[in-house]
Structures are given as structure tokens and as C-alpha cells.
2 protein chains.
Amino acid sequence: MTAERAARRRAVPAESVRREEILAIATRIFADKGYASTTVREIADAAGILSGSLYHHFDSKESMLDEVMRAFLDGAVDRYRRTVTKGGDPLGVLRALVHDGFAALGSNPAALVVMINEFNLLVQSPRFAYLREGASETERLWAGVIEEGMRTGVFRSDIDPRMIYRFMRDTIWISVRWYDPDGKNTIEEIADFYLEMLLDGIRVR
Amino acid sequence: MTAERAARRRAVPAESVRREEILAIATRIFADKGYASTTVREIADAAGILSGSLYHHFDSKESMLDEVMRAFLDGAVDRYRRTVTKGGDPLGVLRALVHDGFAALGSNPAALVVMINEFNLLVQSPRFAYLREGASETERLWAGVIEEGMRTGVFRSDIDPRMIYRFMRDTIWISVRWYDPDGKNTIEEIADFYLEMLLDGIRVR
DNA sequence: GTCTATATTGAGATAGAC
DNA sequence: GTCTATCTCAATATAGAC
């Protein structure tokens, strides 16, 4: 009942296909120009309607951003949770997590660009507090696997596991800035290149 | 004479200490809130003056951003150029470049945050075309060293050198988001941790 | 679900006094 | 070098017709 009441508070049911179209358009423009520099008029233009008509679908410009971020973060954290719950040897689980991260990137690059660009600004606002929670849970899941690998002697333990986690998270996420879906490497190949580099390094021994 | 004429075209000589103070303040606020979401009134407030008075020092809000980015990028590229010109074995040069990158980060974290956050938006504007040139020269310098290392058999050559470069550049730059100048690790220590990870990997063999 | 028309606010920037 | 006062424009959002 709570969900039903929440849905009624919106301008229109969340399942509308038109709504999803507009949201995808908005995400792309947010990614290209930055959220603050995007005007509702631009979004409306790209959707082929007038700016006022947007407010039939959404409460505000901020609501659009909110939905995009929530959906993307939820999707990513879900993947990580499932992978860690499934369990296995730390090396295999870490490999799977890296592939999860790149898969989330590939599933909606524009949404990830927006999240990376706006994260620091948004976590300061109460409305976007869930971003901090999602980031915390992700760190717990990833760092836990790295620590277990250190305990069982699979990973070297002379570097702070949380620092390793941060370097990994940032490296994977930020690659969305140069990743080209139509380029010569698939997202899985890039994930494997990264894993090669991460696990064995670039030096010949 | 050209430089003198250019200086006169500005509102006030570029050497003014007050000017540099205001620029540092603006940089910090740009980094915290994003350039587009920062108002000239906020900058003026933080500087203890009224917004109109800013225009005695700067032509526009965009001019402030321009000066910050230009100074930071020039400083970084200068370091890289010097290091590569000095030469040496590829492994040593790459180590030095990584330390250069982290040193640039440490020299002005706020400016780097602004550059990372606004880069994609700004390179689209003619005024900020120099960003693209700086990025290109950096890529040429770094990728050249990596390629030489591959030729001489120091680095593995089964991964595209430009992909290695991108992963490295992004990983170093983006760490400014969690780097804490008052934290327990110095910027040199973080650089060494990163080099350990990059060169030999995290897997025990 | 979209349009017309408009209310309202807040932004960057300027002119001239001190 | 800063302040007072203000211009001008563009942005989000709303109300009601179709």
C-alpha cells in the first residue's frame, strides 16, 4: 500500500513508456552537459515537446535526476550483493565483481557518467543520502573479498585493502569516459585487460 | 610588449596578491559545488566583498575558471615534459611520471577536482581548446614511454599501451576525490602504493 | 499528453560614487 | 579596491485550455 500511495503522489504512473523515453533522453543530456547546465527546455526539445509538458511526467528537474541515479545505483549494488552471496574463492569472487562493475557501466553508460559527475555535489543533499549508503555497502562488499583473499594468502597484504578497493572502483567507473560501445573492444574484454593488469601488473618478471 | 598590452586589457594586473587570494577561494568553491552551481555572490561572500567588486579583478566568472585550469594544466604538462626530456630507462621514467602526476595533484587538489569535473563540458568550448591540446601532449608523452618499455621487454605487450595509459591517468587523477592531505599517507606514499599495484599486481605468485 | 501563456526567482554583469 | 544600485536575461515551474 505504501508503494501505491507513493506512486499516486507522482504526476503519472512510473511504468509509462513515454516517461522512460524522456528519462533516457534527460540522462544523455545530463551526461553531455552536466546536470546544472542542462535546462528543462533542452530536455523537452529533444523529446519533441514543450518544457511545460515535462511537468505532466515529473515533479521537477531534480526528480528526473533522482530516478536516474536511484535506478543505476540499485542495479549495481544488486549485482555485487548477489555475487558476494553466491560466494567462492576470493580470486573468483573478485573477478566476478570486476565484471559486475563493467557490466553495470555497459548497461547504462550515460547514467554512470551522471553519477560520477554529480556524486560529490549530490551526497551533500538529504534527498540523495541513499548515494552514500549505496557507496558504503559497495565498499563493504568489495573490501571484504579483498581482505579474505589477503587472509588466505591469494592477495598481497602490504597494501591497505580499502586503498586497493578505491583504486579499483575509480579505475573501473571512470573508464566510462573513454569507453566506446562501438569501439574495437567489448566491455568484457576491457574488464579482462583490467583484471590482467590488476592481478599480475604490467612489469615482465 | 604583447604581454604588457594583454595585461592592460585585463581589469587589473595578474600579479596582484588579492587577485590570487580570490582565485584560490573560487577554486575551492568550484570544487565543492561544481562550476555551474557556484554563484559569483558566493565567491564574493567568501572573499568578504560584494559581487560587483569581483569584476574589478576579473572579466567574468568564466575567466576565473579559465585561469585556474590553465595554470594547473600548464604546471602538470611542464613536469611531464621535463621528466621525459631528462630520459632514462623506461621503468624509471614511468615511475617518475607517476610521481609527477601525484605531485601535481598534491600541489593544488581543488584545481584538479575542478578540472576532472568540468573537463568534458569545457573541451566543447573554443575558449578551452587548450585543454584538449594539454591532454594530447600528456598522452603522447606517457604512451611513448610505455611503448618504449614494451619494445625493450620491460613491460608486457599484450595490452594496448594507450589503454594502459588511460587507466593510469584516470586512476591517478580521480584519487584526488578521496585523497586527504591530513590523512595517514603522504602523496608520495600513495604514489608508491599505486606503482606497486601497477607494476607487480595484487596477486601472490 | 501536450500546448499557450505567464508567474517568479535568481543569475551574471555594469555604472558610477567613494 | 570596494560599495550602492540596478539592468537584463534566462531559468524553473504553474494554471488552465484543448
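**Chains, core and DNA**

Mentor: Chain A holds 10 helices and 0 strands; helices (H or I, at least four residues) and strands (E, at least two) are DSSP runs, numbered from the N terminus. This is a predicted model, in which local features need pLDDT of at least 70 and side-chain atom pairs count only at pLDDT 80 or more, while totals for chains, interfaces and linings use all residues. Residues are numbered from 1 along each chain as its sequence is written, chains are lettered from A and ligands numbered from 1 in the order in which they are written, and side-chain values use heavy atoms, with hydrogens and water left out.

Trainee: Of the residues of chain A, what percentage count as buried?

Mentor: Buried means under 20% relative accessible area, exposed over 50%, and partly exposed in between (1.4 Å probe, protein chains only). The C-alpha trace of chain A spans about 65 × 40 × 30 Å along its principal axes. Of its 205 residues, the buried share is 47%.

Trainee: Among contacts in chain A between residues at least 6 apart in sequence, what percentage join residues at least 24 apart?

Mentor: Contact means heavy atoms within 4.5 Å. Among the contacts in question, the share joining residues at least 24 apart is 68%.

Trainee: Is A:Asp192 buried, partly exposed or exposed?

Mentor: A:Asp192 belongs to helix α10 of chain A, residues 187–200. Because its relative accessibility is 38%, A:Asp192 counts as partly exposed.

Trainee: Which residues touch the most other members of the largest nonpolar core?

Mentor: A nonpolar core is a set of buried Ala, Val, Leu, Ile, Met, Phe, Trp, Tyr and Cys residues joined through side-chain atoms within 4.5 Å. The largest such core has 138 residues. Among the contacts of B:Phe102, leaving aside neighbours within four places in sequence, are A:Phe167, B:Ile172 and B:Tyr194. The residues touching the most other core members are A:Phe102, A:Trp173, B:Phe102 and B:Trp173.

Trainee: How much area do chain B and chain A bury between them?

Mentor: Buried area is the accessible area (1.4 Å probe) that two parts lose on being put together, summed over both. The contact takes 45 residues from chain B and 45 residues from chain A. In chain B, the residues losing the most area to chain A are B:Phe167, B:Ile202 and B:Arg203, together 18% of what that side buries. The two chains bury about 4,600 Å², of which 60% is on carbon and sulfur atoms.

Trainee: Why does B:Thr171 count as buried?

Mentor: B:Thr171 lies in helix α9 of chain B, residues 161–174. Leaving aside neighbours within four places in sequence, B:Thr171 is in contact with A:Phe167, A:Thr171 and B:Tyr194. B:Thr171 counts as buried because its relative accessible area is 2%.

Trainee: Which element gives the most residues to the surface near DNA strand D?

Mentor: A residue is near a strand if one of its heavy atoms lies within 4 Å of it. DNA strand D is surrounded by 15 residues, and the closest are A:Arg41, A:Tyr55, B:Leu50, B:Ser53 and B:His57. Sugar and phosphate make up 64% of the atoms of DNA strand D that come within 4 Å of the protein. With 3 residues, the element giving the most is α4(B).

Trainee: Which element gives the largest share of the surface near DNA strand C?

Mentor: There are 14 residues around DNA strand C, and A:Leu50, A:Ser53, A:His57, B:Val40 and B:Tyr55 come nearest. Phosphate oxygens of DNA strand C are 2.6 Å from a polar backbone atom of A:Leu50 and 2.9 Å from a side-chain N or O atom of A:His57. The largest share, 3 residues, comes from α4(A).

How values were computed:
Polar contact = N/O pair within 3.5 Å; in protein donor to acceptor, adjacent residues only side chain to side chain.
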